Amino acid sequence: MPIKICKDCGKEFEAPKNSRYPRKYCDKCSKQRKKDYEKIYMITADECEE
């Protein structure tokens, strides 16, 4: 499996060789991003940067 560098934390991780979409994040960061994305509907316009 090829070794890649996580775009969030900078750690090296092994990505599956024959995956349909190449991975950009390690397992820990992927799970955190998924959890944050599930709560995206709770963000209001006031919290967004211009």
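Cys29 is buried, with a relative accessible area of 11%, where buried means under 20% relative accessible area, exposed means over 50%, and partly exposed covers what lies in between, as found with a 1.4 Å probe and protein chains only. Cys26 also counts as buried, because its relative accessibility is 9%. The sulfur of Cys26 is 3.6 Å from the closest cysteine sulfur, that of Cys29, and this is too far for a bond, since a disulfide is a pair of cysteine sulfur atoms within 2.5 Å. Cys29 is accordingly in no disulfide, and by this rule the count for the structure comes to zero disulfides.

The structure is a predicted model, in which local features need pLDDT of at least 70 and side-chain atom pairs count only at pLDDT 80 or more, while totals for chains, interfaces and linings use all residues. Residues are numbered from 1 along each chain as its sequence is written, and side-chain values use heavy atoms, with hydrogens and water left out.

Charged pairs come next. Side chains of opposite charge can pair when their charged atoms come close. Taking a salt bridge as a side-chain nitrogen of Lys or Arg within 4 Å of a carboxyl oxygen of Asp or Glu, the count comes to two salt bridges. In one of them the side chains of Asp8 and Arg33 meet, with 2.9 Å from N to O. Asp8 lies in the loop between strand 1 (3-5) and strand 2 (12-14), whereas Arg33 lies in helix 1, so the pair ties together parts that are 25 residues apart in sequence. Helices (H or I, at least four residues) and strands (E, at least two) are DSSP runs, numbered from the N terminus. Asp8 counts as partly exposed at 42% relative accessibility, and Arg33 counts as partly exposed at 40%.

Arg33 has a further contact, for it lies over the face of Tyr25, at 4.1 Å from the ring centre; a charge sits over a ring if NZ of Lys or CZ of Arg is within 6 Å of the ring centre and within 35 degrees of the ring normal.

A salt bridge also joins Arg23 to Asp27, with the closest N and O atoms 2.9 Å apart. Arg23 is partly exposed at 25% relative accessibility, and Asp27, which is placed in helix 1, is partly exposed with a relative accessible area of 47%.

Several residues that are separated along the chain can also be described by their C-alpha distances, as the table shows.

| Residues | Separation in sequence | C-alpha distance |
|---|---|---|
| Lys4 and Glu14 | 10 residues | 6.2 Å |
| Asn18 and Met1 | 17 residues | 8.9 Å |
| Asp27 and Phe13 | 14 residues | 8.4 Å |

Lys4 is found in strand 1 and is partly exposed, with a relative accessible area of 30%. Asn18, by contrast, has its place in the loop between strand 2 and helix 1, and at 74% relative accessibility Asn18 counts as exposed.
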